[in-house]
Amino acid sequence: MATHEPSKRLQALPRYLFAELERKRADAEAAGREVIDLSIGDPDLPTPPPVLEKIAVAATDPANHRYPTSAGMPAARRDIAAWFANRFGVSLDPLEECAILIGSKEGIGHFPLAILNPGDEVLMPDPGYPVYFAGTTFAGATPIRYVLRESNGFLPDLADLDRLATPRTRVVWVNYPNNPTGALATRAFYEALVAWAERRDLIVASDAAYSELYFDEPPPSIFEIPAARGRAIEFHSFSKTFNMTGWRLGFAVGAPPLVGALVRLKANVDSGAPQAIQLAAAWALNAYLPTHGPALRAVYRERRDVAVEGLRKLGCPVTEPGGAFYVWGRVPAGERSIAFAARVFDHTGVMLTPGVGFGEQGEGYFRIALTGPVAVIDRALRLLEGLAPWKAPHGVASSPSR
Ligand code: PLP
């Protein structure tokens, strides 16, 4: 092995999709081309002023200048538990069933290291957020992908899960509101999933990073199913809820042995999240979300409607998303998703995410993030109209190499 060669575990991962996209954009911008980036799920809106003011005040307190604890501040965890009770009707022990994360990605990436052993198997969605695969691979465990079919509302088919599960399976990941499809899960789905996980004695890891971005009814937490309390962990994020991706804060709630193992792991690799951010974000959940949430959802609802309607007018088949801030559409028949995204970018400067970046089952799809104003989405649609990629009706073979 060469001196500077990365570890085999790192080499086992595909290059992180968004790192590749960022490079492509940087090259185009350096060349002076117009780029309309609808590829990355990073809100264009600023962190709201009341949250910034709370951070600023807390930042002047010397008590917040020292090392935080790995589990997070008890005061912040109490605020989170109060919000959870209010939002989902589930009462949590803030100290035993809740831990603060440096963004939900940190927890999702580290959780497998805390509970898995080499040889263990983990079920995860395809298409799906790439970090489930990465965390599982770093832990030396084996990722097993299950299919999210459009015909099933992009929910897992429990018969598929049952077929894929083996005695080595330890964890099943689910993610609703879903990235990349925008699908939602119902309480009835969680009930069936938890009952199945009980029969198979599995841990359910639920990624609820988009729980506050929805267009109609608020989506449930898996902990609304009482039997989940003993075998599930759910990951939440402040990133999308409060336009705080840059501040890095999330939290995990769930069965004490699972949250406890994650905190023990974290104590060995990080020293917690900055306290001023913890205090301000946890405050915002109870004091500010009731006014901020509806306004934020109205912004994304308008963008969603413009994008869905515009794409449909262009002949692109899309399912209307019920949550998160993505639109998942079909690429023109006969074209691969990477070739399509490259063609669109080269001709229009519009950056879409090729569906295959979320797994093999994402082939044939692309994702748009609704993270630009309506005017930008409109401009992207007009540029796409010029290219007319869906001119041939979907399902009718068109030349892949126009
Ligand atoms: N989970 C999903 C499904 C995501 O799409 C993302 C980010 O895009 C995250 C988790 C991580 O968010 P954060 O680490 O900012 O909380």
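Helices (H or I, at least four residues) and strands (E, at least two) are DSSP runs, numbered from the N terminus. The structure is a predicted model, in which local features need pLDDT of at least 70 and side-chain atom pairs count only at pLDDT 80 or more, while totals for chains, interfaces and linings use all residues. Residues are numbered from 1 along each chain as its sequence is written, and side-chain values use heavy atoms, with hydrogens and water left out.

## The ligand and its surroundings

A residue is near a molecule or strand if one of its heavy atoms lies within 4 Å of it. There are 15 residues around the ligand, and those that come nearest are Asp207, Tyr210, Ser237, Ser239 and Arg248. The shell divides into five nonpolar, six polar and four charged residues; here Ala, Val, Leu, Ile, Met, Phe, Trp, Tyr, Cys and Pro count as nonpolar, Asp, Glu, Lys and Arg as charged, and the others, Gly among them, as polar.

| Side chain | Distance to a ligand oxygen atom |
|---|---|
| Asn179 | 2.8 Å |
| Tyr210 | 2.7 Å |
| Lys240 | 2.7 Å |

Taken alone, the ligand exposes 400 Å², and the protein buries 93% of that. Accessible areas such as this one come from the Shrake-Rupley method with a 1.4 Å probe, and for residues only the protein chains shown count as cover.

Pro180 itself lies in the loop between β5 (169–175) and α8 (187–200).

## Two helices with a buried side

Helix α4 (residues 74–88) has 15 residues and reaches 20 Å from its first C-alpha to its last, close to the 21 Å expected at 1.5 Å a residue; the expected span is 1.5 Å times one less than the number of residues. In α4, the residues Ala76, Arg77, Ile80, Ala81, Trp83, Phe84, Arg87 and Phe88 are buried. They cover an arc of only 165 degrees around the axis, so they are on the same side of α4. The arc is that of the directions from the helix axis to the C-beta atoms, and buried means under 20% relative accessible area, exposed over 50%, and partly exposed in between (1.4 Å probe, protein chains only).

Helix α13 (residues 374–387) has 14 residues that should span 20 Å at 1.5 Å a residue, and its end C-alpha atoms are 20 Å apart, which agrees. Its buried residues are Ile377, Ala380, Leu381, Leu384 and Leu387. Seen down the axis of α13, these buried residues fall within an arc of 110 degrees, and therefore they line one face of the helix. On the other side of α13, Ala375, Arg382, Glu385 and Gly386 are exposed.

## Residues in the loops

The loop between β3 (121–126) and α6 (131–138) holds Pro130, which is buried with a relative accessible area of 18%. Pro127 has its place in the loop between β3 and α6 as well, and a cis peptide bond, with omega about 5 degrees, joins Asp126 and Pro127. Asp120 is found in the loop between α5 and β3 and is buried, with a relative accessible area of 12%. A polar atom of the side chain of Asp120 lies 2.7 Å from the backbone nitrogen of Asn117.

Phe154, in the loop between β4 (142–147) and α7 (158–164), has phi near 55 degrees, a positive value in a residue other than glycine, and Phe154 is buried, with a relative accessible area of 4%. Asp201, found in the loop between α8 and β6, also has a positive phi near 55 degrees, but Asp201 is exposed, with a relative accessible area of 58%.

Gly230 is placed in the loop between β6 (203–207) and β7 (232–237) and is exposed, with a relative accessible area of 64%. Gly230 and Leu258 are 28 residues apart along the chain, and their C-alpha atoms are separated by 9.2 Å.

Conventions
A polar contact is a pair of N or O atoms within 3.5 Å; within protein, one must be able to donate a hydrogen and the other to accept it, and residues adjacent in sequence count only if both atoms are side-chain atoms.
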